[in-house]
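Please read it alongside the coordinates.

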Amino acid sequence: MSTTESARTSSAPAGPADPAKETLEDYTLRFAPRSYRRWSPMVVATTALGGIAYMADFSIGAGIGLAHGAGNALLAIGLAAVVIFVTGFPLAYYGARYNIDLDLITRGSGFGYYGSVLTSIIFASFTFIFFALEGSIMAQGLEIGLGLPLWLGYAVSTLMVIPLVVYGMKALSRLQVWTTPIWLLLMVAPLVYLIADDPGTVDRFLAHPGTDGGGAVNTASVMLGAGVCLSLIAQIGEQIDYLRFMPPKTEANKRSWWTAVVMAGPGWVVLGALKQAIGVFLAVYILARVGPASAPEPIQQFRGAFEAMMPSWLVVPLAVVLVVISQIKINVTNAYSGSLAWTNSFTRVTGHYPGRMVFVLVNLAFALVLMEADMFSFLNSLLGFYSNCAIAWVVTVATDIGVNKYLLKLSPLRPEFRRGMLYAVNPVGVVAFAAASGLSIAMYFHVFGDALQPYSPVAAAVIAFVLTPLTAVVTRGRYYLRRTDDGIAEPLLDGDGNPSGVTFDCHVCAQSYERPDLTACVAHDAVVCSLCLSTDRAGAHVLPATA
């Protein structure tokens, strides 16, 4: 591709919904072209990891620790981290290797072209739930630091991200790279100081019994805590929204390429788990001073830590700076990724592409409503419910890649996302996801009794893991591809196995696109880009089924 989407103008001939009017650097609904991916692996990784600077981990860890005790909380955090890492690895690899986001991966990994709309909505919900959570934390900081009422703080934390999220990857990469060192220093320094100054704080932290378990380690408490932590399993989608901009993997860069993919893909959970454990530590440290209601609030946690190590006049300003930097770093990612997910769903269902900015505003509106409804007060209940849907989705896609593609060879090894190449719905992913999420949610709401309720996240993972290959075997993998030939003679991959950089002109919108983003047109001796196919309501350009 010779130009980025931001350089396109509306002067090109109009297609079904005139995709040439796109003006944002997001490559919504499509493959990220090689010509745009100019960043080094480490810059992409740093940008992706900058997006996990959220403060919610401190609240999540604190809530689990105060309820179930430090021992149960640490085991829950560790268990969830292992599950998130294992399931996130194949997704991160596919996103980085083939330069597509998680929705496009999901389409060809068991769900079908329209079937993955279900998971796009799940992911969009994840982004505005966590946007609301981070916005609530920032509003708490603004209330303490500047005296702003919470309702106004919610509005400020929502509106301030709009200018930052409009321009996509270029602006986000600069923001994340320059703010990450400051954020790391402000987060780690208080913990190191408290432990060095009073090693007894570690013993008091480990001995904290919680309010409902008497301090003893038990399976039910660990599973309840892990269920809350596993609500973050969908974070891999936001990591992939950055990893899809990785450069091609070659013999020369393979070491740095793999390091970046592992570190910024499933590796995000290492830092996430550490933050959750720090949240428990800080909540126990300030518990006697602020009480159980305020101890899970990150602004209170870091205010208490800073008070022990610096002059009083510097405490509140520094705590507010940490909260604001963290909130901006993650909420530009939440707004960005959420807008992509909503746009994906809306365009496929309606055949109309309104532009990503519309859905930035939609996502922010949902988040603001949650904030004004005081979602922070019922945080763990909301996340515990949501985790069942997120686990069912991510485990289904990861299993399809790891088992159905590589072991059973029933799912095509190369991911496919283009309309016309995929069936509308693939029962493999849809059945596994629907059964896993439905049954686990029923367990969560005590339908099968109180004894099984804590195990709903386990049920979501196990059912998805079993049903995904089972359904593929029963259907013999016949619903993955409508056709195996896209009508273009040029190979899809280059000699190194990377998506080809050869360009063609789409005859509908008259723009230049790289090979993986195109198929032949059924009506003309020409090619059509994936977005023009998505907005082709009549299906006039869509290739017929041959399978």
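## Positive phi in two loops

Arginine 476 lies in the loop between α19 and β1 (503-505). This is a predicted model. The phi of arginine 476 is near 55 degrees, a positive value in a residue other than glycine. Most residues other than glycine have a negative phi. Arginine 476 counts as exposed, because its relative accessibility is 61% and the cut-off is over 50%.

Histidine 446 also has a positive phi, near 70 degrees, and it too is a residue other than glycine. Its loop runs between α18 (427-444) and α19 (456-475). Is histidine 446 buried, partly exposed or exposed? Histidine 446 is partly exposed, with a relative accessible area of 41%. That value falls between the 20% and 50% limits, so the intermediate class applies.

## Helix α5 against α16

Helix α5 covers residues 117-146, and helix α16 covers residues 356-372. The two pack at an angle of about 50 degrees. Their axes are 8 Å apart. That angle makes α5 oblique to α16. The crossing of α5 and α16 is right-handed.

Which residues of α5 meet α16? On the α5 side they are Ala124, Thr127, Phe128, Ile129, Phe131, Ala132, Gly135 and Ser136. On the α16 side they are Asn363, Leu364, Phe366, Ala367, Leu370 and Met371. By class, the contact of α5 with α16 holds ten nonpolar residues, four polar ones and no charged ones.

## Helix α5 against α6

Helix α6 spans residues 150-159. The axes of α5 and α6 cross at roughly 125 degrees and come within 8 Å. The two helices are therefore oblique to each other. The crossing of α5 and α6 is right-handed.

From α5, the contact uses Phe131, Gly135, Ser136, Met138, Ala139, Gln140, Leu142 and Glu143. From α6, it uses Leu150, Gly153, Tyr154, Val156, Ser157 and Thr158. The contact of α5 with α6 has seven nonpolar, six polar and one charged residues.

## Leucine 340 in α15

Leucine 340 sits in helix α15 (residues 312-350). Is leucine 340 buried or exposed? At 3% relative accessibility, leucine 340 counts as buried, because the limit is under 20%.

Leucine 340 and arginine 356 are 16 residues apart in sequence. In space, their C-alpha atoms are 6.6 Å apart.

## Cysteines without a bond

How many disulfides does a search of the whole structure find? The search finds zero. Cysteine 389 is in no disulfide. The nearest cysteine sulfur belongs to cysteine 229, 17 Å away. Cysteine 389 is buried, with a relative accessible area of 11%.

Cysteine 529 has a cysteine sulfur at 3.5 Å, that of cysteine 532, its closest. Cysteine 529 is buried, with a relative accessible area of 0%.

Terms used
Residues are numbered from 1 along each chain as its sequence is written. This is a predicted model: local features need pLDDT of at least 70, side-chain atom pairs count only at pLDDT 80 or more; totals for chains, interfaces and linings use all residues. Side-chain values use heavy atoms; hydrogens and water are left out. Axes are lines fitted to C-alpha atoms, for helices over the stretch in contact, and angles run from 0 to 180 degrees between N-to-C directions. Helices (H or I, at least four residues) and strands (E, at least two) are DSSP runs, numbered from the N terminus. Angles under 35 degrees count as roughly parallel, over 145 as roughly antiparallel, 65 to 115 as roughly perpendicular and the rest as oblique. A crossing is left-handed if the near helix is turned anticlockwise from the far one by less than a right angle, and right-handed if clockwise. Contact means heavy atoms within 4.5 Å. Ala, Val, Leu, Ile, Met, Phe, Trp, Tyr, Cys and Pro count as nonpolar, Asp, Glu, Lys and Arg as charged, and the others, Gly among them, as polar. A disulfide is a pair of cysteine sulfur atoms within 2.5 Å. Buried means under 20% relative accessible area, exposed over 50%, partly exposed in between (1.4 Å probe, protein chains only).
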